[in-house]
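Colleague: I am new to this structure, and I would like to learn how to read its features one at a time. Could you take me through them?

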Amino acid sequence: MKKRIKDISQNPDVQMLNISVEESMPLPYPFNEPNSEPLFKPLTEEQKNRYECSLDGVSALGIPKPKSKEEEEKLVGAFIGGLRKLLRKEDNWTFLQPLVLSLNYCAKCNTCSESCQIFLASGRQEIYRPTYRSEVLRRIIKRYLTKRGKVLAKFTGNDVELNWTTIARLAELAYRCTLCRRCAQACPIGVDNGLITRELRKLFSQELGIAPKELHELGTVQQLNIGSSTGMSPKAFLDIKEFLEEEIEEKTGKRIKIPVDQKGADILLINNAGELLAWPESLEAFAIIFNTAGISWTLSSELGGYDAVNYGVWYDDVQLARIALKHARIARELKVRKIVVGECGHAHKVTTVIADRLFTRELNVHRESCLPLLEDIVFSNRLKFDSKKNNFPITLHDPCNMVRLTGIVEPQRRILRKICPQFREMEPHGVDNYCCGGGSGFAIMHSMNFSDWRSSVAGKVKLRQVLETFRDVIDPDSKKYVCAPCSNCKGQLRDLFHYYGVWEKCGIRCVGLAELIVNAMVDMKMPFLPP
Amino acid sequence: MWLQLLTYTSFSFFVFAFIVKAIKYARMPVHLRWELYPVANEVGHDSGGSYLEELDWWTRPQRKSYIKAIAYIVREAFLFKKCCRNNRGLWYFTYPFHMGLFLLIGWLILLFIGAATMLAGISVAEGASAQAWIVHYLTPGVGVIGFVFGIFGGVGLLIKRLVDTNLRAYTAPVDYFNLSFILAILLSGLSAWYFFDPTFGTPRELMMSLVTFSPIADTNIPMTINIVLLSLFLIYMPFTHMMHGLAKYFTYHRVFWEDEPSRPGGDIEKKVEKLLNQPVSWSAPHIQSGKRWSEITSERPQTK
C-alpha cells in the first residue's frame with residue numbers, strides 16, 4: 001500500500017519500507033539476469049534492537065532507541081525549539097530566504113519526482129519522493145508553529161503528529177537524499193527540496209547534536225582539531241608528501257619537489273586529503289603537471305590547510321564557516337595570489353561559491369577551480385601530448401557540485417576531447433547529469449548497512465547510465481574508464497563498481513582528470529594509469 | 001454601490017498584501033550563495049556553465065545579459081517548458097489553466113481600455129472607430145477564450161488531483177477548495193457572458209464606474225456572483241501558496257540566478273559583517289551558544 005505522509009508518525013514498530021531488489025529499477029546487461037544483482041544486506045537483530053531503523057531498515061545515524069518517555073519528550077521539545085530557530089533570521093540568516101520560499105510555495109505537483117535518482121532506483125518508493133520529507137516538515141511546521149495550522153489542521157492537511165518516531169525517521173530520511181538538487185532544477189516554481197533536506201540536517205546537527213559520525217566527529221571536528229577528516233596530522237601529511245615525491249621519481253625518473261608552505265607562491269592548491277591515501281596518483285599528477293608547466297604553487301601543512309573538504313556544507317553552517325574561514329586565513333598567511341581547488345566537487349562549491357560571502361575584508365582571497373587552470377595548461381602547449389596513449393573508451397561523470405551547482409561544465413570536456421580520442425558523453429550529461437549516489441557525504445558514510453543502500457539505491461541510476469554508455473563495448477576485455485574529477489564521486493564509483501563487480505563483468509573503472517592528462521604526456525616513459 | 005466598494009476594498013487589499021509580501025521577502029537577510037546552473041543571464045557559457053569556467057575570472061568583466069534572462073522567463077511563463085518536459089500529464093491541464101488566467105488579466109486590461117475609450121466619448125461598438133472596434137471584438141474574444149481555457153484546465157487539475165494517487169496523497173482539502181473557488185469564479189464569469197452579456201458591455205460599464213467612482217445602473221446575477229467571488233478570492237489569495245508567481249521571482253532571481261560575488265568593501269560584505277555580529281543560540285555541544293557568529297566561526301569546535 002502506498003505510504004501516506006502521516007504514516008511517518010505511526011506504527012513505530014513497523015518498518016515503513018522493506019528494500020528489495022525485485023521492486024527496484026532494473027539494470028541493463030549484464031545485470032538484467034535473475035540473481036545478477038547483489039542482495040541488500042539487512043541489519044542484524046542486535047542492530048535493529050539498538051538503533052532506530054523503522055524508516056527503511058537502514059541506519060545512517062545510529063540513533064539509539066529511547067529508554068524512557070522523558071527522553072522521547074525531550075527530543076520532541078528540542079526539535080520544536082530547533083524548528084523555531086531554523087525559521088528565525090537571527091539564527092538562520094544564512095539560508096532563511098531560500099528555505100522559507102521553498103517551504104511556503106510548493107504547489108505539490110510532484111514535477112520533481114522523476115528527476116530524483118533515489119526515487120527512481122528504489123522503484124518509486126513513496127518515502128523517497130523528493131516532496132515526501134519536505135511535506136512532512138511543512139505539515140509539522142504548520143501544525144505546531146502556526147495558529148492557523150492548529151485550528152484548521154484537517155482542512156489544511158496538517159495531519160503529521162510530532163513524536164519521537166516522526167523525528168527519528170525524519171532524521172534518517174534527511175540522509176536519503178544526496179542534495180544533488182536535480183529536483184530543484186526541475187521545479188517550475190524554484191522550490192528546492194534539496195535545500196529543505198539540508199536545512200533539516202542542520203537543525204538536527206546544530207540543535208540536537210545529531211549528525212552522521214563520519215561527517216561530524218570524524219569529519220569536520222577532526223579536520224579542525226587534528227588537521228584532516230582522514231585523521232591525518234600535519235606531520236603525517238609531510239611524511240606522505242615525501243612518499244609521493246619518491247613515487248613520482250619511480251614513475252617518471254624525475255625528482256619533482258612538492259612545494260609546501262612556500263610564502264608568496266602564485267597558487268595555494270588545496271586537495272581532498274582522502275586522495276593522498278586512496279588515490280595518491282592524483283596529487284602526483286598535479287605535481288607533474290604544475291612542475292612541467294612551470295607553475296608557481298604550494299601546498300599548506302597548516303592544520304586543515306592540506307584538506308580541501310568541507311563537510312559542513314552538507315549538515316552544519318557553523319562547521320562550514322569554520323573550515324572555509326580556516327582555508328582563507330591560511331591562504332592569507334601564505335600570501336598566495338589565489339586558492340585553486342583540486343578535484344573535489346563539494347570543495348569547489350563551498351570555496352568558490354557558498355562561502356563567498358563569509359570571506360569578508362582581507363579574507364576575500366581569490367579562489368577558483370583547478371579545471372580552467374588545467375585547461376589553460378593543456379591548450380597552451382606547455383605540455384606535449386600523445387592522445388593515443390589514452391586510446392580507450394572513456395566517459396565523463398559530472399560531479400553535481402562542480403557542474404550543476406557551480407557552473408563548470410566545459411573545461412573538463414575540452415580537455416578530454418583533446419587527450420582522449422574515444423571520449424563519449426553519457427546521457428543525460430552536463431548540468432542535467434545524475435548524481436553518483438555518493439553526494440552530500442554518502443561516499444564516506446558506511447555505518448552498518450548504509451554502504452549497501454548507497455550502492456543498491458543511491459548509485460543505481462549512475463550505474464545504469466555508465467552501462468548504457470558503454471553498451472557497445474561492454475565486454476570485460478575492453479578496458480574502459482569513467483572520468484570523475486571529484487574525490488567523493490570517485491570513492492562512490494569505486495564502491496559502486498566493487499559492489500556490483502563492474503570491473504570483473506564489464507572492465508570499467510574510474511579515474512581522475514589530472515591522471516589522464518599525465519598519462520597522455522609525451523614525456524611520460526611509462527603509463528601513468530594503473531594496468 | 002456596495003459592489004464597487006467591495007471591489008475597491010479587495011483589490012486594494014490584494015495590492016497591499018502583494019507589496020507587503022514582496023517587501024518581506026526582499027528584506028530578508030542576505031543569504032549564503034546557492035546558485036543552480038544554468039543561470040539564465042550568463043553570457044558565453046551555452047552548456048549551462050558560469051564565469052567560474054574562466055581562468056582568473058575576477059580579472060574579467062562579468063558578462064550578464066538581461067535580455068537572455070527575460071527571453072528565458074517569457075519562454076517559461078508562456079510555454080511552461082519545465083512542466084512540459086518533466087510532468088507532461090500535468091502540463092496538459094496546468095498550462096491551459098494558467099494561460100486562461102493570464103488571458104483574463106489581459107481581458108481586464110481590455111475592459112479598462114474600453115472604459116477609458118468610452119469615457120473619452122468614443123463608443124465601443126460595432127461600426128465605431130478602428131481602435132474602439134478592436135476593443136469591441138477583442139474583449140469578448142480574449143475573455144471567452146480565457147474563461148474556457150481556465151475552466152478546462154481547472155476541471156482537469158481537479159480531476160487529476162482526485163484520480164492520480166501520486167497527487168492525491170499530497171493534496172489537502174484546502175487545495176481542492178482553492179481550485180473549486182477559482183472554478184466558481186470562472187464559471188460565473190462565463191455564465192454572465194453566455195446568458196446575459198455577449199459583448200461584455202456590463203463589466204465594461206462596471207469598470208467605468210470603478211474609474212469614475214460612480215454607481216452602476218444594473219448588473220446581472222452571475223456577474224454579481226462573479227464579482228463577489230473574485231473580490232473574496234483577492235482577499236484570500238495572499239494567505240495561500242497561490243502567490244507562487246511572486247515566490248518564483250525570488251527563488252530564481254534572488255537564489256538560483258543571483259550570481260553575485262561579494263566584493264571587498266561592497267554592500268554584500270557590509271550586510272554580512274552586521275549579520276556576523278549577531279549572537280548564535282543554537283544548542284548543540286559543538287556550538288558555543290550565546291557568542292557571536294564571528295567569534296564562533298573563529299574557534300575550534302568543542303568536543304564532547
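Predicted model: local features only at pLDDT ≥ 70, side-chain atom pairs only at ≥ 80, totals over all residues.

Colleague: How much of chain A is buried, and what share of its contacts joins residues 24 or more positions apart?

Modeller: Buried residues make up 61% of the 531 residues in chain A. Among the contacts in chain A with a separation of 6 or more, 77% are between residues 24 or more positions apart.

Colleague: Into which domains is chain A divided?

Modeller: The assignment gives domain 1 (5-210), domain 2 (217-376) and domain 3 (384-519) of chain A. Taken over C-alpha atoms, the centres of domain 1 and domain 3 of chain A are separated by 28 Å. Their contact takes 30 residues from domain 1 of chain A and 31 residues from domain 3 of chain A. On the side of domain 1 that touches domain 3, α4 and α9 (182-186) of chain A each supply at least two residues, and α4(A) gives the most, with 4 residues. By class, the residues on that side of domain 1 of chain A divide into 19 nonpolar, 8 polar and 3 charged.

Colleague: In what order do the 4 strands of the open sheet in chain A lie, and is the pairing parallel or antiparallel?

Modeller: As a general idea, strands of a sheet pair through backbone hydrogen bonds, either parallel or antiparallel. Here the order is β2-β1-β3-β4 (chain A), and the pairing is parallel. The edge strands are β2 (297-298) and β4 (366-369) of chain A, each of which pairs on one side only. Strand β3 (residues 338-341) of chain A runs parallel to β4(A) and is joined to it by 4 bridges; as one point to look for, V340(A) has E368(A) in β4(A) as its bridge partner.

Colleague: Why is helix α19 of chain A described as largely enclosed?

Modeller: The reasoning is a count: 7 of the 9 residues of α19 (residues 450-458) of chain A are buried, so the helix is largely enclosed by the rest of the structure. The buried residues are F450(A), W453(A), R454(A), S455(A), S456(A), V457(A) and A458(A). They pack against α4 (117-121), α20 (460-469) and α21 (487-500) of chain A.

Colleague: How many residues of chain B are in contact with chain A, and which element gives the most to that side of chain B?

Modeller: In general, the size of an interface is often given as the accessible area lost when the parts come together. For this pair we can count residues instead: 71 residues of chain B are in contact with 76 residues of chain A. The elements giving two or more residues to this side of chain B are α3 (81-86), α6 (165-168), α7 (173-196), α10 (244-256) and α11 (267-276) of chain B. Of these, α10(B) gives the most, with 9 residues. By class, the side of chain B that touches chain A has 40 nonpolar, 21 polar and 10 charged residues.

Terms used:
Residues numbered from 1 in each chain as written. Chains lettered and ligands numbered in written order. Buried ≥ 20, exposed ≤ 12 C-beta atoms within 10 Å, placed from the backbone. Contact = placed C-beta atoms within 7 Å. Nonpolar A, V, L, I, M, F, W, Y, C, P; charged D, E, K, R; others polar. Pairing = 2+ DSSP bridges. Domains from an automatic or database assignment.
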